[in-house]
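Dear colleague,

Please find below the structure that I am handing over to you. My findings follow directly after it.

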Amino acid sequence: MDPNSNLIRYEGLLTSEVRVQLTDLLLAIAVSNLGSRSDLKKLFGVAVELLDNAQRYCSSGSVSFEWHIEGTELVIAITNKASKADAERLIDRVAAIQAMSPEQLADAFRQQLQDPSFGEKGGAGLGMLQIARRVGQAINARISADANGDYICTSQVTTTLRTR
């Protein structure tokens with residue numbers, strides 16, 4: 001397989017229409033390169049959650065998204081600008097997820113589903129918990145401040161591809 005045939009990279013505005021087009025393209029490339037796998041829906045769902053979170057919390061509308069395979073691992077990464085509060089919440093959520101057992105993840109997810117207090121931007125970490133339920137603690141995040149007071153947030157999921 002050509003090493004570049006499994007790469008999707010997008011940089012630009014992320015609107016609902018662009019997200020739909022990206023997910024259609026992503027699904028077509030995933031099926032083409034990964035075939036009919038038992039974990040394809042899970043992997044695709046992770047990418048959709050990352051895109052959804054980036055669109056929801058992005059302060060500039062512009063993102064950088066990448067999906068690529070390195071050997072036996074799938075790497076999905078997204079970078080966007082966000083407010084300081086949203087960036088810090090991302091880091092806190094990812095750190096908490098990385099410290100949880102599978103049982104704790106399941107409990108946290110159930111608690112979030114039952115919590116009626118959703119913020120103006122969404123479900124208070126539900127997307128990241130959903131990703132963690134799919135791939136475990138394979139989520140990483142990093143943030144850095146830029147000169148304008150925005151924060152550059154990168155969320156990355158690296159997961160081992162199951163053999164067919």
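In this predicted model, strands S3 (residues 73–82) and S5 (151–160) run antiparallel and are joined by ten bridges. Within this pairing, Asn80 has Cys153 of S5 as its bridge partner. S3 also runs antiparallel to S2, to which eight bridges join it. S2 (residues 62–70) in turn pairs with S1 (residues 8–13) in the antiparallel sense, over six bridges.

Taken together, the strands form an open sheet of five, in the order S1-S2-S3-S5-S4, with antiparallel pairing. S1 and S4 (139–145) are the edge strands, each pairing on one side only. On average, neighbouring strands of this sheet are turned by 10° against each other, direction ignored.

The chain as a whole may be summarised as follows. The protein chain contains five helices and five strands, and its elements run β-α-α-β-β-α-α-α-β-β from the N terminus on. Of its 164 residues, 43% are buried. Among contacts between residues at least 6 apart in sequence, 67% join residues at least 24 apart.

H1 (16–34) lies across S1 and S2 and runs at about 175° to S1. H5 (126–135) packs on the sheet, where it touches S4 and S5, and its direction makes about 20° with that of S5.

H5 also packs against H3 (84–98), at an angle of about 30° and with the two axes 10 Å apart. Because angles under 35 degrees count as roughly parallel, H3 is roughly parallel to H5. Their crossing is right-handed. Leu90, Val94 and Ile97 of H3 make this contact with Met128, Leu129 and Ala132 of H5.

I turn next to the interior. In soluble globular proteins, nonpolar side chains tend to be buried together. The largest nonpolar core of this model has 44 residues, and those with the most contacts inside it are Leu50, Phe65, Trp67, Ile76, Met128, Ile131 and Ile139. Elements that each supply at least two residues of this core include H1, H2, H3, H4 and H5, together with S2, S3 and S5. The largest share, eight residues, comes from H2. As for Ile131, leaving aside neighbours within four places in sequence, this residue is in contact with Val46, Glu49, Leu50, Gly136, Ile139 and Val157.

Finally, I would draw your attention to the turn between S2 and S3. These two strands form a hairpin with two residues between them, and Gly71 in the turn has a positive phi of about 65°. Thr72 also lies in the loop between S2 and S3. Is Thr72 buried or exposed? Thr72 has a relative accessibility of 54% and therefore counts as exposed, the cut-off being over 50%. Although Thr72 and Arg162 are 90 residues apart along the chain, their C-alpha atoms are separated by 8.0 Å.

With kind regards

Key
Residues numbered from 1 in each chain as written. Predicted model: local features only at pLDDT ≥ 70, side-chain atom pairs only at ≥ 80, totals over all residues. Heavy atoms only, no water. Pairing = 2+ DSSP bridges. Helix = DSSP H or I, 4+ residues; strand = E, 2+ residues; numbered from the N terminus. Core = buried A, V, L, I, M, F, W, Y, C linked by side-chain atoms within 4.5 Å. Buried < 20%, exposed > 50% of the residue type's maximum accessible area, 1.4 Å probe, protein only. Contact = heavy atoms within 4.5 Å. Axes fitted to C-alpha atoms, helices over the stretch in contact; angles between N-to-C directions. Parallel < 35°, antiparallel > 145°, perpendicular 65-115°, else oblique. Left-handed = near helix turned anticlockwise from the far one by under 90°.
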